[in-house]
Amino acid sequence: PVNIEGNAETAQVVNLIPWMDYEFRVLASNILGVGEPSLPSSKIRTKEAAPTVAPSGLSGGGGAPNELIINWTPTLRDYQNGDGFGYILSFRKKGSQGWLTARVPHAESLHYVYRNESIGPYTPFEVKIKAYNRKGEGPESLTAIVYSAEEEPKVAPFRVTAKAVLSSEMDVSWEPVEQGDMTGVLSGYEVRAC
């Protein structure tokens, strides 16, 4: 509270963080200024509440064949709002109807691995996350697209040609691999001489 009347003996402090320890000091003031603060009160913790923010940093990818790895940024203690904190993940193949869910019951967790033989390489999944504690569940994050594990390229570049430029140099050219032929992201090419 900004201004408290001089004859008041109590005040209500609002907009505090749930499940957080606070201590308070009181200062007297008049037209000449503000006096010394009181000794701090004993520490007191605000009550628990369901989480109010969704976890952030939702991403993923990589891993072994038939795996979907989902990553996120662990929620700071200031936003856990209570004991029994964990995460609820919802995910599905992009374009499918039903959501699969998984509970990750540790506040410090930062990834989840879903393994299933039916997961093809570099398959897009829609993924959402929300936090929970013993008071309830928080809001869901926005949906992110996360891809299952990639495979190495199965198609080679074609029409490879080489042309001498100098006594110690050659220009090598080729027709690129089409992205549709890839089961992953094409990150580059390697040229080998034999």
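## A buried tyrosine to start with

Y114 is buried, at a relative accessible area of 17%. Here, buried means under 20% relative accessible area, exposed means over 50%, and partly exposed is in between, using a 1.4 Å probe and protein chains only. Before going on: this is a predicted model, where local features need pLDDT of at least 70, side-chain atom pairs count only at pLDDT 80 or more, and totals for chains, interfaces and linings use all residues. Residues are numbered from 1 along each chain as its sequence is written, and side-chain values use heavy atoms, with hydrogens and water left out.

## The chain as a whole

What is the chain built from? The chain has a radius of gyration of 29 Å, whereas a compact globule of 194 residues would come out near 16 Å. That radius is taken over C-alpha atoms, and the globule rule is 2.2 Å times the number of residues to the power 0.38.

## Surface, contacts and charge

Buried residues account for 25% of the 194 residues in the chain.

Take the contacts between residues at least 6 apart in sequence: 55% of them join residues at least 24 apart. A contact here means heavy atoms within 4.5 Å. As for charge, there are 18 positive and 23 negative side chains, and the centres of the two sets lie 6 Å apart. Lys and Arg count as positive and Asp and Glu as negative, while His and the chain ends are not counted. Each charge is placed at NZ of Lys, CZ of Arg, CG of Asp or CD of Glu.

## Rings that pair up

The chain has seven aromatic pairs. Rings of Phe, Tyr and Trp (its six-membered ring) pair if their centres lie within 6.5 Å; planes under 30 degrees apart count as stacked, over 60 as edge-to-face and the rest as tilted. One of the pairs is F91 with Y112: the ring centres are 6.2 Å apart and the planes sit at 45°, so this pair is tilted. F91 lies in strand β7 (residues 86–93) and Y112 in strand β9 (residues 111–115), so the pair ties together parts that are 21 residues apart in sequence. F91 is buried, with a relative accessible area of 1%, and Y112 is partly exposed at 22% relative accessibility.

F91 also pairs with Y114, our opening tyrosine: the centres are 4.9 Å apart and the planes at 55°, so that pair is tilted. Y114 lies in strand β9 and F91 in strand β7, so the pair links parts that are 23 residues apart in sequence. Elsewhere, W72, F85 and Y87 form one aromatic cluster.

## Two loop residues

Q80 is in the loop between β6 (67–73) and β7. Is Q80 buried or exposed, going by its relative accessibility? At 11%, Q80 counts as buried. Leaving aside neighbours within four places in sequence, Q80 is in contact with W19, P51, T75, F85, A107 and N133.

H106 sits in the loop between β8 (100–104) and β9, and is partly exposed, with a relative accessible area of 44%. With neighbours within four places in sequence left out, H106 is in contact with F85, G86 and Y87. H106 and Y189 are 83 residues apart in sequence and 41 Å apart in space, C-alpha to C-alpha.

Notes: Helices (H or I, at least four residues) and strands (E, at least two) are DSSP runs, numbered from the N terminus.
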